[in-house]
Amino acid sequence: MKNITILGSTGSIGTSTLDVIENFPDDFKVTGLTANSNVELLVQQAIKFRPEIVAITNSEKAKLVSSRLKGKKIEVVSGIEGLIKAASFEKADLVVSGIVGSAGLIPTMAAIEAGINIALANKETLVMAGGLILKEAKKRKVKIIPIDSEHNAIFQCLENIRPKFIKNIILTASGGPFLNLEKKFLKNVTPAETVKHPRWKMGAKISVDSATMMNKGFEVIEAKYLFDISFDKVKVLIHPESIVHGLVELIDGNFMAVLSRTDMRIPIQHALTYPEKKKGYLPSLDMNSIKNLSFKEPDMDRYPCLSYAYRAGITGGTMPAVLNAANETAVHSFLTNKIKFTDISRIIKTVIDKHDPVSNPRLEEILSADSWARKESEKLCF
Ligand code: NAD
Ligand code: MG
């Protein structure tokens, strides 16, 4: 029996993780659940899965959660301190890091410091503080198993492959909802059109990131840290069918790939059961029905965010944290109709151009670069 805590249990990754857990009642037990503000869903999940601890970040809602869970022998905690307490709850064997954005960094770090293995969906954690996270994980002998589908695929390809045999790692990208839209129309796309992803059903923020391809840019940085590989060996190909999730090109001309249905429950099941494998409960990919698998290089003019992410990643230090904070601020402003879709990349460029990065930053320096970038971006979001 593996004890699992889910950070961000009410989100897209969180609910998919609970779906996997529900299908393996003899293998997993939920020890902790956390959410930002969705009381109704959090309470329903707690009643169904009976964790020992539940955290709600929004402190005003903690009383409501407590009263709804009264008599159920579940500890209810709140605020950032509560989130940290739940993340580091010592009975967990694995913490699923499924909070969206920079809010995932501190609790993920807390789980690592407590020596708990991580199934990582929250890529922003590695974008902001990849160096620190990996160092801490190594020190505590904590395993980080990627949930992000591309990295999960590459992780599986790389088992038993020596690093010197790798020529390139290739992340596939769907190209998002505007892949075939003429570039001149991008400035008028609405938030509703943007979050309608053609292949994946995800939270709003990552859906916008997919449309700008900042998501893939973040994944390039994520891959650099997870697989300890230089940026010139991390490539991106647009693959609209979203069936090949990641590829590894070896020096002898062979390619390895992982193919599966476009469903996050597949990489989540892998991460939860790792290093074991369990019989899947979803219909398998019908290879006979696949008529076409296509790949093409992304046009950096169309997707400037992808090139900013490479630039920020190569610069290193506090630059990726600034990239992330500027993106988060701009995406939020776009989703609340304050700016246009094309303003997102413009704002990010202005802010990273202005930043003087600190190399080998400490956590405090990363957090202060993050808040500087938010303030700079907000000045541009109107
Ligand atoms: P989501 O918006 O659906 O869910 C986010 C979760 O985080 C919710 O449970 C919410 O309560 C919690 N949360 C939000 N703000 C918080 C805060 N300030 N403090 C504490 N908790 C907070 O997002 P998602 O699509 O599930 O994505 C989660 C993470 O997984 C992101 O980093 C995303 O990039 C990554 N990811 C998602 C998918 C996917 O298919 N959804 C795929 C790969 C990677
Ligand atoms: Mg991904």
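Figure 1. Pro275 turns up in the loop that runs between α11 and α12 (304–315); helices here are DSSP runs of H or I with at least four residues, strands are runs of E with at least two, and both are numbered from the N terminus. The peptide bond joining Tyr274 to Pro275 is cis, with omega at about 5 degrees. Most peptide bonds are trans, and most residues other than glycine have a negative phi. Helix α11 itself (residues 265–273) is mostly covered, with 7 of its 9 residues buried. Buried is under 20% relative accessible area, exposed is over 50%, and partly exposed is in between (1.4 Å probe, protein chains only). The buried ones in α11 are Pro267, Ile268, Gln269, His270, Ala271, Leu272 and Thr273.

A quick word on how to read these views: this is a predicted model, where local features need pLDDT of at least 70 and side-chain atom pairs count only at pLDDT 80 or more, while totals for chains, interfaces and linings use all residues. Residues are numbered from 1 along each chain as its sequence is written, chains are lettered from A and ligands numbered from 1 in the order in which they are written, and side-chain values use heavy atoms, with hydrogens and water left out.

Figure 2. Look for Arg261 in the loop between β11 (255–259) and α11. Arg261 is partly exposed, at a relative accessible area of 25%. Setting aside residues up to four places away in sequence, Arg261 touches His245, Ile266, Leu282, Pro283, Ser284 and Leu285; a contact means heavy atoms within 4.5 Å. Pro361 is 100 residues from Arg261 along the chain, and their C-alpha atoms are separated by 39 Å.

**Figure 3. The magnesium ion (ligand 2) and its protein donors.** Asp148 (OD), Glu150 (OE) and Glu219 (OE) are the protein donors, and they lie 2.1 to 2.2 Å from the ion. Donors are N, O and S atoms within 2.8 Å of the metal (3.2 Å for Na, K and Ca); water is not among the atoms, so sites may look incomplete. Along the chain, the donors follow the spacing D-x1-E-x68-E. Glu150 in helix α7 (residues 149–158) and Glu219 in helix α10 (residues 214–226) are 69 residues apart, a pair that links distant parts of the chain. Are these two glutamates, Glu150 and Glu219, buried or exposed? Glu150 is buried, with a relative accessible area of 7%, and Glu219 is buried too, at 1%.

**Figure 4. Two non-glycine residues with positive phi.** Ser242 has a positive phi of about 50 degrees, and Asn337 has one of about 60 degrees. Neither is a glycine. Ser242 sits in the loop between β9 (234–238) and β10 (244–250), whereas Asn337 is in the loop between α13 (319–335) and α14 (341–354). As for cover, Ser242 is buried at 5% relative accessible area, but Asn337 is exposed at 61%.

**Figure 5. Ile166 in strand β8.** Ile166 is part of strand β8 (residues 166–173) and counts as buried, with 9% relative accessibility. Leaving aside neighbours within four places in sequence, the contacts of Ile166 are Leu158, Ile161, Ile229, Lys233, Val248, Glu249, Leu250 and Ile251. Ser88, by contrast, is 78 residues away from Ile166 in sequence and 35 Å away in space, C-alpha to C-alpha.

**Figure 6. Asp370 in helix α15.** Asp370 belongs to helix α15 (residues 363–380). With 9% relative accessibility, Asp370 is another residue that counts as buried. Not counting residues up to four places away in sequence, Asp370 touches Ser102, Met128 and Ala325.

Figure 7. The protein has 15 helices and 11 strands. Its radius of gyration is 20 Å, close to the 21 Å that the globule rule gives for 382 residues, so the protein is as compact as a globular protein of that length. That radius is taken over C-alpha atoms, and the rule is 2.2 Å times the number of residues to the power 0.38. The C-alpha atoms fill a box of roughly 60 × 50 × 40 Å, taken along the principal axes. Of the 382 residues, 54% count as buried. Among contacts with a separation of 6 or more, 68% come from residues 24 or more positions apart.
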